Amino acid sequence: MSAKTYAYYSGCSGSGTSKEYDLSTRALCAALGITLADVPDWSCCGSTPAHMVDHALSAALSARNLAQSEQLGLDDFVTPCPSCLKNTHNAIEQMRDPGFRKEVDRLTMRPLARKHRAFSVLQLIYEEVTPEGLALKIKKPLHGLKLAAYYGCLLTRPGRSMRFDDEENPVSMDRLLEAAGAGMLPFPLKVECCGGSFGIPRGDVVARLSGRILELACSMGADALVVACPLCQMNLDLRQKQIRSAVRLNFHLPVFYYTQLLGLALGLPEDQILLDKLVTDPKPALAKIEIIRPPDVPAQPAKEVPA
Amino acid sequence: MEHVQLGRGDTDFIRAVETESGQKVSRCYQCGNCTAGCPMSFTYDFTVSRIMRLIQLGQKNTVLSSKAVWMCASCESCSTRCPNHIEVARILDVCRHMSRRAGFGGARNVRLFADAFLQSVRWHGQSHELGLMAVYKLLSMRLFDDLTLAPDMLLKNKLPFKPHRIKGRDEVAGIFRRYAQGRGLHGGGKK
Ligand code: SF4
Ligand code: SF4
């Protein structure tokens, strides 16, 4: 493991609707020896609304955070949120065009001095710690838990700009959770859209798209969904009650952040993974984890069988 | 399927879409891959591949007044699956920018939500869910939507009452101010 430090951008939802994601991400990284330094006085990346209005405005909002990260003297910018990551990637990529960059600089009045790279925390854990490295640190394996990993539409797509995992069939979360002992289902909707930021203006759209994801995961026998995106989590968990009545199906499927489950498997305490923040009760799913106790008495050496 | 009365092609429009998106729309050969994977088609008036065709034909008003450019969720399925590597989602984004600048209302609530969100960022430097919901509800007059979510959010302590105002909020407001000024000067964000 590298002793490198990464500029950490939690994103707005990390202080509200996805506190548990932010906290469990920090705890997990600490346990895995990854050092995060908060971007000082960070601001919102503008999320989907900003790029819906203008690309230079969106890039300028991301560029301000990159400028803030320069105060730390760090080039590698990591965030748990795929939507923040997408905006940061797009800003870095579009600013390669000198005309675009000039417009962004005019908006921020803070031209960037360094070359920046952006990653998701998931990418960092998958590529730096690796599933094999993680497996060595597991204290409480998730044996008995059947999970569907749902990556959402933004994390890997399109591959030419996100540069991580397989764009249509990502496996990073599956491999990490497998290393933690969970059983992973081959979930066909892993990159389908959940309805994203349409939750507030068009709840019906989210009910339909997220409803399909929940329904399929249930019918495949999943005990829970696992996600890496605050917006997906909110649509699938917080809105699950709404969705149930809209699609007239009665599923109760907990929706964990992968950081919470990996944290659990590493033996991190509840106050670092905040499972109680989940709206759909995770206890029935967690009760399926088979506790395999190490045998108290060492096994008797096999008796030699006379020939 | 809706029929479109084709107007005279507006070549300036085609050029503007190409410059602002950095994409060549003529590379689209109408295979329909983008439409096949589009999760939002059920809300569209024109499917995404038809929008691509309408752009090629320079049908500015039809494209900019379409529901499709406003209802696109930017999920990137189309950009991922286009055999010609066209950034289709970026093209739709750019059409949405043009539609907004040209004063087409678009899908009203989608636009109002984006406005409320950005207003929150402009005020505080970060988005504040409760505040932006209030602004959105007042703008859209959808006062009773989503009230069922509030108890769960409060119970889980996920809805901070007060916005977190960052120290650099004036700097962030400055980005919005210069953006609004620049828009007057050059008619919008440029690629
Ligand atoms: S980005 Fe928009 S147009 Fe493309 S597939 Fe997704 S919702 Fe459809
Ligand atoms: S996938 Fe690409 S080439 Fe095919 S119709 Fe869509 S934009 Fe055109």
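**Interface and backbone features**

In this predicted model, 52 residues of chain A are in contact with 49 residues of chain B. The points below describe the chain B side of this contact and then turn to individual residues of chain A.

**The side of chain B that touches chain A**

- At least two residues each come from helices H6 (77-81), H7 (88-101), H8 (108-124), H9 (129-140), H10 (149-155) and H11 (169-186) of chain B.
- The most is given by H8(B), which supplies 7 residues.
- Sorted by class, this side of chain B holds 15 charged, 16 polar and 18 nonpolar residues.

**A cis peptide bond in chain A**

- Arg157(A) and Pro158(A) are joined by a cis peptide bond, with omega about -15°.
- Pro158(A) lies in the loop that runs between strand E5 (146-150) and helix H7 (159-162) of chain A.

**Positive phi values in chain A**

- Asp41(A), a residue other than glycine, has a positive phi, near 45°.
- The loop between strand E2 (35-38) and helix H2 (47-53) of chain A contains Asp41(A).
- Asp41(A) counts as partly exposed because it has 15 C-beta neighbours inside 10 Å.
- Asp165(A) is not a glycine, yet its phi is positive at about 60°.
- Asp165(A) sits in the loop between H7 and helix H8 (172-179) of chain A.
- Asp165(A) has 21 C-beta neighbours inside 10 Å and therefore counts as buried, the cut-off being 20 or more.

How values were computed
Residues are numbered from 1 along each chain as its sequence is written. Chains are lettered from A and ligands numbered from 1 in the order in which they are written. This is a predicted model: local features need pLDDT of at least 70, side-chain atom pairs count only at pLDDT 80 or more; totals for chains, interfaces and linings use all residues. Helices (H or I, at least four residues) and strands (E, at least two) are DSSP runs, numbered from the N terminus. A residue is buried if 20 or more other C-beta atoms lie within 10 Å of its own, exposed if 12 or fewer, and partly exposed in between; C-beta atoms are placed from the backbone. Two residues are in contact if their C-beta atoms, placed from the backbone, lie within 7 Å. Ala, Val, Leu, Ile, Met, Phe, Trp, Tyr, Cys and Pro count as nonpolar, Asp, Glu, Lys and Arg as charged, and the others, Gly among them, as polar.
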